[in-house]
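Student: I would like to learn how to read some features of a protein model. Can we take them one at a time?

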Amino acid sequence: MQTEWLKFKKYPHIGKPLTSTKDSVWVENYVTDPEKIINHKFTPLLHRVITQRKFRPDESAAKNASGKRIRVAKEPKKRHIYYPSHLDSIIYSYYNNVLTKAYEEYLHDKEYSSVAVAYRKIPKSDVADRNKCNIEFAADAFQFIMNNRHRKLSVIIADITSFFDNLDHRILHKQWKMVMGVEDLPLDHYRIYKNLVDYKYVNEYDLFNRFKHKLIVERYKPNDTSRKELKRKHVSKSFNMRHENVVAYCYANEFFREASDLIRVDKPYNSVIRREQGKSDKKGIPQGTPISATLANIYMLDFDARIYDEVSNPSKNAYYQRYSDDIIIVCDQKDEEFFYNLLQTEIEQKAYLEIQASKTNIYRYELGKNDNLIGGIVKDDVIHTNKQLEYLGFAFDGNKVRAKTSGFSKFYRNMKRSFRRGVHFAKKAHIPSNSLFEGRLYKRFTHVGARRRLKWVADVDSPTGYRRTTMYDWGNFISYLNKANAVMMDINQGDNIAKQSRKVWNKFHKLKKKAYKKIAMRK
């Protein structure tokens, strides 16, 4: 049975991918040997920037005919992700497994053990073998508000600026030792720590351009579809890498021989020398490695303990939850200033991080007519009801929970993009029909593919003609909405979230009709 942390993946990187059939034994022996890790030469991380478009209404924006505020393009959100090589990734996974166990054991007898919810396996109370996700965590916060609706409540939503990029290395080192229960980190753990705080990386675009004339691809052997081999191939655009089944940019020795000049690193490491050169102290760890999320939780242990001590005070009876860098506190309006100042002090002066002002908001709610909570965002000590509480992908107006409209916007953009791609390939000369490959589109964007189920494949040797696999269809955005609708049912007392997806089917078929018209015009 494969070890939980031993996972083999096939994304292209420096060096050919590892396989479970050939490499499991030696990789497991290597990774679990501290002496090997102490002397291990880590490969530079692969850096990628993920850009997410944003369309948001201004606070003073006019409303359209349907009563919705007109949206405008905002500054796109950019996330810097760093991917380790295949062997390095498994090393990080193993040490993440060790640290996760130590972290959970450390929290076991702590009263605040349940306030940090991201990147953890927190069981559902009603289903023994299932864990909570962001839907249940958001529901817990909204349910607290509903249960305390007789009080005048304030909700503080805080966000930390560039969370992973600004972790203080001294605090991280101290917390790492505390969780491990040691005065000095073991040398293998220290090797992992040093490689993360002084990480080296290569920009994905630069690496592709250097080796695009001889990328490593995987192909079936001639006249033998049961075996595969690696070949070199020119690929003109990075967009085509998946289609060409590129498994590596180059071999490791080849990279260090021909492309070591692409390595980027923030030197010098020494803080004294950095100050002499006018540079600030190094901060942060790369986001994207298997161990980064657990380290972020370990870093915030003291913060969680201090905030929990205050919210659990019987005189305040408040609520606190932290999902990575997203923080929510629900308290009485009279305690609003106290908790806001507490958050600011603990984040900026003790955790040495920074609150992101643009994403940190206060909302106030209290009972109005018909026993409904009324309120909204607070600006200049004035409540604006046109902007309601948003947390973990959901909007809550004090009475009903709905999925954020930005999630639907992204879903529809992906749908339009997929139809455009379908039209593009349907017009190709080697495609004999005008097919849009509809089955794939229905499965991805409608209720047809919303059911989560085990995959079966054709097999002539099977009595039924099909063979069971270990893979699953995990559903789509509609699946997510259906699950959210079920979880939020107790709060909404109705199918409010499910009703949000009623227009999906019609929009899908309008795009389908438009796509076939374009194909007919250009064939």
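Tutor: Start with burial: a residue counts as buried when its relative accessible area is under 20%, as exposed when over 50%, and as partly exposed in between. Keep in mind that this is a predicted model.

Student: Is N476 buried or exposed?

Tutor: N476 has a relative accessible area of 12%, so this residue is buried. N476 sits in the loop between β20 (466-473) and α15 (477-487).

Student: Which residues does N476 contact, leaving aside its neighbours within four places in sequence?

Tutor: With those neighbours set aside, N476 is in contact with K443, R444, F445, T446, G449 and A450. R451 lies 25 residues from N476 in sequence, and the C-alpha atoms of the two are 8.2 Å apart in space.

Student: How many residues of helix α10 are buried?

Tutor: Helix α10 spans residues 292-299, and eight of its eight residues are buried, which makes the helix mostly covered. They are S292, A293, T294, L295, A296, N297, I298 and Y299.

Student: What covers the buried residues of α10?

Tutor: The cover includes the helices α3 (86-107), α5 (169-180), α6 (187-197) and α11 (301-311), along with strand β11 (319-323).

Student: Which residues meet where α5 and α6 are in contact?

Tutor: From α5 there are H169, L172, H173, W176 and M180; they meet H189, Y190, I192, Y193 and V197 of α6.

Student: Now sheets. What holds the strands of a sheet together?

Tutor: Strands of a sheet pair through backbone hydrogen bonds, and the pairing is either parallel or antiparallel.

Student: How many bridges join β17 and β18?

Tutor: Strand β17, residues 394-396, pairs with β18 over three bridges in the antiparallel sense. Within this part of the sheet, F396 stands opposite V401 of β18.

Student: What about Y352?

Tutor: Y352 is not a glycine either, yet it has a positive phi of about 55 degrees. Y352 belongs to the loop between α12 (336-350) and β13 (361-367). At 44% relative accessibility, Y352 counts as partly exposed, whereas L392 is buried.

Student: Last, how many disulfides are there?

Tutor: A disulfide is a covalent bond between the sulfur atoms of two cysteines. To count one in a model, look for a pair of cysteine sulfur atoms within 2.5 Å. By this rule the count here is zero. As for individual cysteines, C250 is buried at a relative accessible area of 0%, and C331 is buried with a value of 0%.

Notes: Residues are numbered from 1 along each chain as its sequence is written. This is a predicted model: local features need pLDDT of at least 70, side-chain atom pairs count only at pLDDT 80 or more; totals for chains, interfaces and linings use all residues. Side-chain values use heavy atoms; hydrogens and water are left out. Two strands pair if DSSP finds at least two bridges between them. Helices (H or I, at least four residues) and strands (E, at least two) are DSSP runs, numbered from the N terminus. Buried means under 20% relative accessible area, exposed over 50%, partly exposed in between (1.4 Å probe, protein chains only). Contact means heavy atoms within 4.5 Å.
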